[in-house]
Amino acid sequence: MKITDNTQTDMEKIDLSQEFLQKIANKELKDLQKENLFFFPAYISDESSLYGDQKILEVNSDTFKTTNIMGIVGYQKEQLFIGSRFDNDSDYFFYYLLKQVLNFNFMDLEVGLKKQPSYLDWLVYLFPKYLNEALKKGLYKEYRTFKYNDFNVRGTIDINRQIKENIPFTGKVAYHSREYSYENQVINLIRYTVEFIKKRKQFRKILTLDTVTRENIQAIEEKSQDYQQQGLHKVYSYNARKPIRHTYFFEYRTLQKLCLSILSQETGLHEKYAKDKAYGFLFDGAWLFEEYINLIIKDSFLHPTNKQRQGQQHLFAYSNSRRLGKIYPDFISKRDNNRIIADAKYKPFNNINGRDYLQLVAYMYRFDSKRGLYLYPYKAGEIKSNYETLHLLQGVNESSNKRLAESDISIIKLGLSIPASKRNFEQFEVEMKKSEKQFKLLIEEKFSTK
């Protein structure tokens, strides 16, 4: 079944079983973390764009409502695809966001977008990204017990082995030692996943798309020479029972989970380890659009991010200079004079109101800015003008309210046009580049951000 984000539908039009709805609907994301679901952004906490109390679906007896989350979610043989409400008949805008922000390009697959990508397509195509993110921490090491019998004792003596192997005594000592090793079951799991992908013609190309991926795969292969001796079922079972828990290796834990999901496609593994779990990839639409806008305007704007906890600002300070009221405006212009505060909104033009205004005005006051900017997407031809200026009122009584002069405090709503569906993704991409160029030029001309 296919639907779009932030959509309310009558339940009678929904073609999903009660088992699917009971597994997915009305559950907060923090309660779904034990399922085979992958979240973007990855961290689910109060510091993240994808909050733990957010839901994928909100369902009652009459209505079926999607939230700000896009992606694919499945249970057993049923799958629900949630696309972008700013797409037309195609899902090109959603795929375009994934390509720009996450380098997640289905066009590199042999099937392209001639058909909707399967769950396995999603899994395999994300493998290089997760692999490269994990190996930024270096190759994963963990303690293993090694048995020795030599002249240089550097561990605990094995009495039974000593009697069995070294009588009469020749000078050698049987002992064992716990040592950090790159040769472990996590590395073996990654190696099995690499071999799984290599065997499938439609996927193997993704292992050679860039130098970093090729080098990281080579490093894994060098440290997993004995992976076949361990056996796939043994390696899979070990990793399924012992997920990586140390927070420093968070990226490896996610990679481990992805490898388990890919290898569960092998005969017997899915039935034994993943049969009763929901699966899928979920993207916070607001985060995805915000990161996309950053790629367009990053030359002129700073982009504080709560996910990475970078560029944080504060509202207040005590007399002793201790600060409080941590804030993360979406965008702050780099220039010091005539500062501009911009906010990316993944919502239609008419839905920007109320609390949206209050937050932006507060940020403008904090940074002594007279110009605020809302950046939002819209379908081509949907609105008459993508540029509207709102002037801040002053005074108390209705009769004394007046519009400030053009040079005073104002907020501008500026829309990014999303092209109507084209014959293919390549055409859509060309039109998007044109739209981005016009969007960026308008910001530079109106606000002199250069």
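In helix α8, which spans residues 232–241, the buried residues are L232, V235, Y236, S237 and N239. The model examined here is predicted.

Most peptide bonds are trans, and most residues other than glycine have a negative phi. Against this background, the bond that joins F40 to P41 is cis, with omega near 0 degrees. P41 belongs to the loop that runs between strands β3 (36–40) and β4 (57–59). A cis peptide bond with omega near 0 degrees is also present from I167 to P168. In this case the proline, P168, is placed in the loop between helix α4 (159–165) and strand β10 (173–181).

Positive phi values are found at two asparagines, N26 and N338. For N26, phi is near 65 degrees. This residue is situated in the loop between α1 (18–24) and β3, and N26 is partly exposed, its relative accessible area being 38%. For N338, which is likewise not a glycine, phi is about 50 degrees. N338 is part of the loop connecting β15 (331–333) and β16 (340–344). With a relative accessible area of 58%, N338 is exposed, because a value over 50% meets the cut-off for that class.

Charged side chains were then considered. Side chains of opposite charge can pair when their charged atoms come close. Over the whole structure, the search returns 18 salt bridges. One of them joins the side chains of K136 and E133, with an N to O distance of 3.0 Å. K136 is exposed at 65% relative accessibility, whereas E133 is partly exposed at 30%.

A salt bridge also joins the side chains of K137 and E251, at an N to O distance of 2.8 Å. This pair connects distant parts of the chain, since K137 lies in the loop between α3 (119–135) and β8 (142–150), E251 lies in helix α9, and 114 residues separate them. The relative accessible area of K137 is 28%, and the residue is partly exposed. E251, by contrast, has a relative accessibility of 18% and counts as buried, because the cut-off for burial is under 20%.

In another salt bridge, the side chains of D299 and K440 meet at 3.5 Å, N to O. D299 counts as partly exposed at 45% relative accessibility. K440 is partly exposed as well, with a relative accessible area of 25%.

Finally, R191, E195, K198 and E221 are linked in a network of salt bridges.

Technical notes
Residues numbered from 1 in each chain as written. Predicted model: local features only at pLDDT ≥ 70, side-chain atom pairs only at ≥ 80, totals over all residues. Heavy atoms only, no water. Helix = DSSP H or I, 4+ residues; strand = E, 2+ residues; numbered from the N terminus. Buried < 20%, exposed > 50% of the residue type's maximum accessible area, 1.4 Å probe, protein only. Salt bridge = Lys/Arg side-chain N within 4 Å of Asp/Glu carboxyl O.
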